[in-house]
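The following note is a colleague's reading of the model shown below.

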Amino acid sequence: MFGRENGGYQWLLVCLGNPGKQYENTRHNIGRREGIKINKLRYRALTGEIRVGSQRVLVIKPQTYMNLSGEAVKLAGGFYKIPPDHVLVISDDVALPLGKLRIRAGGSA
């Protein structure tokens, strides 16, 4: 999955949530407990980096509401020329029970 190498960031990991204290402990806000430093504000998102093997992965947490998060994804992905098939989006789905995982290649509302 992370085998392609093309310089810069090879993958974009988008962690969706809503900004603001009122959403801090909701299911929409993920990733806080993993110790990943996501603290630089760029592309309308907080950004950080992780490595998976030799691959550099740009992690972003858009600072827009979830329905506008595509703006940050477009800016970051476009700047680093990350192809759409190398963009992974993580979000909760209130229609799924807590802890249930669904993986799909496409998505919509």
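1. Of the 109 residues of the protein, 31% count as buried.

2. On provenance, this is a predicted model, in which local features need pLDDT of at least 70 and side-chain atom pairs count only at pLDDT 80 or more, while totals for chains, interfaces and linings use all residues. Residues are numbered from 1 along each chain as its sequence is written, and side-chain values use heavy atoms, with hydrogens and water left out.

3. The protein has 1 helix and 5 strands, arranged from the N terminus as β-β-β-β-α-β. These elements are DSSP runs numbered from the N terminus (helices: H or I, at least four residues; strands: E, at least two).

4. The strands form an open sheet of 5, ordered 2-3-4-1-5, with mixed pairing; two strands pair if DSSP finds at least two bridges between them. Strand 2 (40–42) and strand 5 (87–90) stand at the edges with a single partner strand each, so one side of each has no neighbour in the sheet. From one strand to the next, the twist averages 35°.

5. Strand 2 and strand 3 (residues 45–52) run antiparallel and are joined by 3 bridges; leucine 41 has leucine 46 of strand 3 as its bridge partner. Helix 1 (residues 70–80) packs on the sheet, touching strand 1 (11–15), strand 2, strand 3, strand 4 (55–62) and strand 5, and its direction makes about 155° with that of strand 4. Contact here means heavy atoms within 4.5 Å; axes are lines fitted to C-alpha atoms, for helices over the stretch in contact, and angles run from 0 to 180 degrees between N-to-C directions.

6. Since 5 of its 5 residues are buried, strand 1 is largely enclosed by the rest of the structure. Trp11, Leu13 and Cys15 cover one side, with Leu12 and Val14 on the other, and all are buried. Strand 1 runs parallel to strand 4, with 4 bridges, and parallel to strand 5, also with 4 bridges. Leucine 13 has valine 59 as its bridge partner in strand 4 and leucine 88 in strand 5.

7. How many aromatic pairs does a search of the whole structure find? The search finds 4. Rings of Phe, Tyr and Trp (its six-membered ring) pair if their centres lie within 6.5 Å; planes under 30 degrees apart count as stacked, over 60 as edge-to-face and the rest as tilted. Tyrosine 43 and tyrosine 80 make an edge-to-face pair, 6.0 Å centre to centre with 75° between the planes. This pair links distant parts of the chain, 37 residues apart: tyrosine 43 lies in the loop between strand 2 and strand 3, and tyrosine 80 in helix 1.

8. Tyrosine 43 is buried at 18% relative accessible area, whereas tyrosine 80 is partly exposed at 22%. The ring centres of phenylalanine 79 and tyrosine 80 are 4.9 Å apart and their planes stand at 85°, so this pair is edge-to-face. Ring pairs link Tyr9, Tyr43, Phe79 and Tyr80 into a cluster.

Methods
Buried means under 20% relative accessible area, exposed over 50%, partly exposed in between (1.4 Å probe, protein chains only).
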